[in-house]
Amino acid sequence: MMGSLGTRHGLEWLLGLYFLSHIPITLLVDLQAGLPRDLYPVELRNLRQWYTEEFKDPLLHNPPVWFKSFLFCKLVFQLPFFLIPTYVFFKVSP
């Protein structure tokens, strides 16, 4: 019984870290393709440029309109959602 409880707690921490890690990635990298350039410092713009060149990501390098609409949905729906499970997995879980 204790082993399954420990496994459950470990899984909750893993999921919490997953959601927590996606918040800065979404804010600092992904949304650069859809938000005004002036919102981001040069260092973050350079990070995005390095990422798109290194991993040859055409969607972040030159985002089409349909991809920008997905980024808008990410900002409005996914980002707030990530905050909720992060809180639940770290504060509410026993």
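User: Is T52 buried or exposed in this structure?

Analyst: T52 is buried, because its relative accessible area is 6% and buried means under 20%. Keep in mind that this is a predicted model. T52 is found in helix α2, residues 42-54.

User: Which residues does T52 touch, leaving out those up to four places away in sequence?

Analyst: T52 touches D57, L60 and H61, with that exclusion applied.

User: Where does T26 sit, and what does T26 touch?

Analyst: T26 belongs to helix α1, which covers residues 2-28. Its relative accessible area is 1%, so T26 is buried. Setting aside residues up to four places away in sequence, T26 touches L31, K74, L79 and F82.

User: How do I read a ring pair? What is the geometry of W50 and F55?

Analyst: Check the distance between ring centres, then the angle between planes. Ten aromatic pairs are counted by this rule. W50 and F55 make one of them, with centres 5.8 Å apart and planes at 90°. That pair is edge-to-face, because the angle is over 60 degrees.

User: How accessible are W50 and F55?

Analyst: W50 has a relative accessible area of 45%, so W50 is partly exposed. F55 has 51%, so F55 counts as exposed. The cut-off for exposed is over 50%.

User: What kind of pair do Y51 and F55 form?

Analyst: The ring centres of Y51 and F55 are 5.2 Å apart, and the planes meet at 40°, so this pair is tilted. Y51 itself is partly exposed, at 30% relative accessibility.

User: Which residues do ring pairs link into a cluster?

Analyst: The cluster holds Y18, F19, F81, F82 and F89, linked by ring pairs. One of them, F82, is also touched by T26.

User: How do I read a backbone angle? What is the phi of K56?

Analyst: Start with the general idea. Most residues other than glycine have a negative phi. K56 has a positive phi of about 50°, although it is not a glycine. K56 lies in the loop between α2 and α3 (58-61). K56 is exposed, because its relative accessible area is 67%.

User: Which residues does UniProt list for "transmembrane region"?

Analyst: The unreviewed UniProt entry lists residues 12-35 and 65-90 under that label. Such annotations may be inferred rather than shown by experiment.

User: What does the model show for residues 12-35 and 65-90?

Analyst: Look at the helix share and the end-to-end distance. Residues 12-35 are 71% helix and 0% strand, with end C-alpha atoms 32 Å apart. Residues 65-90 are 100% helix and 0% strand. The end C-alpha atoms of residues 65-90 lie 36 Å apart.

User: What volume does the largest pocket have, and which residues line it?

Analyst: Take the volume, then the lining. The largest pocket holds about 180 Å³ of space. Its lining is Q32, L35, R37, Y40, R45, N46, R48 and Q49.

User: How many residues of each class are in the lining of the largest pocket?

Analyst: The lining has two nonpolar, three polar and three charged residues.

Terms used: Residues are numbered from 1 along each chain as its sequence is written. This is a predicted model: local features need pLDDT of at least 70, side-chain atom pairs count only at pLDDT 80 or more; totals for chains, interfaces and linings use all residues. Side-chain values use heavy atoms; hydrogens and water are left out. Helices (H or I, at least four residues) and strands (E, at least two) are DSSP runs, numbered from the N terminus. Rings of Phe, Tyr and Trp (its six-membered ring) pair if their centres lie within 6.5 Å; planes under 30 degrees apart count as stacked, over 60 as edge-to-face and the rest as tilted. Buried means under 20% relative accessible area, exposed over 50%, partly exposed in between (1.4 Å probe, protein chains only). On a 1 Å grid over the protein atoms alone, a cavity is a set of points where a 1.4 Å probe fits but cannot get out, and a pocket is an open set with protein on both sides within 12 Å along at least five of seven lines; lining residues have an atom within 4 Å of a point. Grid points are joined across faces, edges and corners, and a volume is the space filled by probe spheres set on the points. Ala, Val, Leu, Ile, Met, Phe, Trp, Tyr, Cys and Pro count as nonpolar, Asp, Glu, Lys and Arg as charged, and the others, Gly among them, as polar. Contact means heavy atoms within 4.5 Å.
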